[in-house]
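Let's take a walk through this model together. Keep the sequence and the 3D view open as you read.

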Amino acid sequence: MEIKARQLRARDLLKGDLEGVDLDQYVEERVLTTTLERALNWARSNALWPATFGLACCAIEMMSMVGARYDTARFGAEVFRASPRQADMLILSGRVSIKMAPVVRRIYDQMLEPKWVIAMGACASSAGVFNNYALVQGADKFLPVDVHVPGCPPRPEALIHGILKLQRKVQDRPDLGWRTRYEAQGTEEWPHPNVGAAAETDIA
Amino acid sequence: MVGVSERTAGESVPELATGVVTEPVTAPQAPDGDLGPDRELLTVNFGPHHPATHGVLRLLVTLEGEVVRDMKPFVGYVHTGIEKSCEDKSYWKVIPLVERADYLAYHFNALVFCMAVERLLDEPVPPRAQYLRVIHCELNRIHSHLVWLGTSAMDLGAISVFWYCFRERDKVLDAFEASTGQRMHTRYIQVGGVAEDIPAGWDRRVLELVDDLEERVGQYEAMLDRNEIFLRRTKGVGIVDEQRLLELGVTGPLLRAAGNPFDLRKAAPYCSYEDFDFKIPVGTVGDCYDRYRVRVAEMRESCRIVRQAIEGLPEGPRITENRKVALPPRHELATSMEALIHHFKLVTEGFRVPPGEAYVAIEGPRGELGCFVVADGSAKPARVHFRDPSFVNLQALRDMTVDGYVADMIVNLAMLDPILGGIDR
Amino acid sequence: MPDPAGLELVAHELREQVPDAVEDTDYHRDVATLIIRPAGILDALRWLRDEPSQRYHFLASLHAADYLPAAPRFGVHYELLNLERVERLHVKAVLDDPGAPALPEIDSCVDLFPTAEFQEREAYDMFGIRFRGHPDLRRILMPDDYEGYPQRRDFPIGGEPVLFTHNEATTPRWWE
């Protein structure tokens, strides 16, 4: 009976017979209204494509997260893009040595806005067990990091929790102002003319 | 002395269902004399960030068309200063640090370090602890080979093998988590024995796991062994003869694929490996196909060892009774003053090792894993050095890839099984 | 492992073949060590590799150690293995530290054992020991322009001070 009633109302809507409050209620039940920004953020958060950046042991747990048991594909991180130009998210999994840091920064710069970084594991967040000459003491010394996932190595579920937290962050509050503090906008190789460091220069 | 067993299909090339016999493709040799204008050499950088390099390995490859004429590896992009950090910490605290070197063979790293320290202390390990160490190490070997197979097959294009291998790998990690509490880097192997005894029912669980694994390994073999694409990509590729491999210091599955049955578990048995009956798979030709077959067969042999170890697990303490080296059990701390003092001394300062140097080597998943410890009488080691098999095996990569195609270089790198954590330490 | 008597025999024969090479022998915890003078290291290694009764033709590991404050300061260790008999012989060459800009030197054994190529580079990178005759002696693990030899005992461990409540206010941070 309900289906019949809905069909009748739809027919009325198409004929232009629903007016006023009825129309509003009809639309509200069926159509999701939102601003474009929120829709974009929802789409971005549910399709975060990571760049393959496995450095050390955390990379193995990251691969295991992609595996069939802890499946990240169901959260939108479907494919790990090898090229940073095609990736949204950089999962820094492993210890960043001083020789590797410029390489990581370069890859980060080659990613296109919007981009986010997850520092996976203790070594990427804060050099972990290794307080010595060879490692950068935490990746956020040279990269803006959005989510730190603790663990050595973090369980795949912990990393998924980190990704979900990032998704919520992207959906709700994509920019917490630290990007301006770190001057991290416009860090691509050919920066956007209106954003960040390139805003002063005259790019035709 | 050494059990030489399975011969991989090197002599007779398998006849495939289509009746076509695959022949190894060889790249054209370097021309003598001057290179003309249309034969210039191009140097390409396979940078540290690359999907096919297993970890952060940088290769500078000089190409002539598709043929590799020269190759130089650059390492050090994940150098963690583990050896220097070890000098700053007491022996007990070195174990978690050292596990993170070759990050797929963490029990092996801990085992070789503990064996070196036990050699310097002249400390015997109880038989139950030895068997438990063997079980965990062989399960770790299976785990390492599963990750290798998954990532290598993925590099070659057989992506589905990746999912299957990682499913199996998760089961092995479940077993580790049940016995040690951690999936990776378990700090289970301690100086004098193992950290904890196995929980009830773990042995039954591992026996089921091992049965399951053997069946799955059969499935992987069914998928890849006679797969025409896999055969064409790996047969005849990357052949280095055994004498050259020995000159380069290569050990492990690479050497065994070339025909030399040297395996430290049989040649110089340590940690009660002499109690187990297992074979050493040996190849004939030494190409990438043989390396693949040797490692898969090693997985089966490891399953056998685990089964024998569990069925023959002796009773007894799981760590040495010497309170000067191993922590006393917690219930003793409430009743015995000496136990309390020992606990305090061990946790704050650690045990002291009399001065001396020792180099101990075991058979890791990639070859001879050695640890050199210099003790100066204090509670901290004066020097810890790891002879990592991947570091030495990497020198063979050049011999394998020169005068081969670029695509073969990817195959060679996959079958070499480098772990950059071990190379760079 | 050659037992103590075997080790003395090897040392005796080596003294006859290569005079002035052997400095000492040491047998500790089943490890047989031959201590060789750096000048004669190549001849000693060649003899150990080629002599039919020895045939230690596999160099399992080449590594260095810093024995500061003991003198002589550096030790270069060669871990030799005879694959047929499965016997290990540990050969050690001790080098003096010539003082700040000059580096301790020893002959490179890459011609005898090609496996030493990467391992000598690591010893050079970490300790600053120059191997004469090495085809390509440059840094392998540290960045190419790094100054200092990290694994020397007088090189600081580096890193940054750990922040606790008692030193949080006074420790300068990385941006200061």
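How many bridges join strand 3 of chain B to strand 4 of chain B? Seven, with strand 3 covering residues 58–64 and the two strands running antiparallel. Strands here are DSSP runs of E with at least two residues, helices are runs of H or I with at least four, and both are numbered from the N terminus. If you want one bridge to look at, Thr62(B) has Asp70(B) in strand 4 of chain B as its partner.

A word on ground rules: this is a predicted model, where local features need pLDDT of at least 70, side-chain atom pairs count only at pLDDT 80 or more, and totals for chains, interfaces and linings use all residues. Residues are numbered from 1 along each chain as its sequence is written, while chains are lettered from A and ligands numbered from 1 in the order in which they are written.

Zooming out, three strands of chain B make an open, antiparallel sheet in the order 2-3-4; strands pair if DSSP finds at least two bridges between them. Strand 2 (42–46) and strand 4 (67–74) of chain B each have a single partner strand, so they sit at the edges with one side lacking a neighbour in the sheet.

Now for the contact between chains, where residues count if their C-beta atoms, placed from the backbone, lie within 7 Å. Chain B puts in 27 residues and chain A 29. On the chain B side, helix 1 (82–86), helix 2 (91–99) and helix 5 (159–180) are the elements giving two or more residues, and helix 5 of chain B gives the most, with five.

Note on methods. Contact = placed C-beta atoms within 7 Å.
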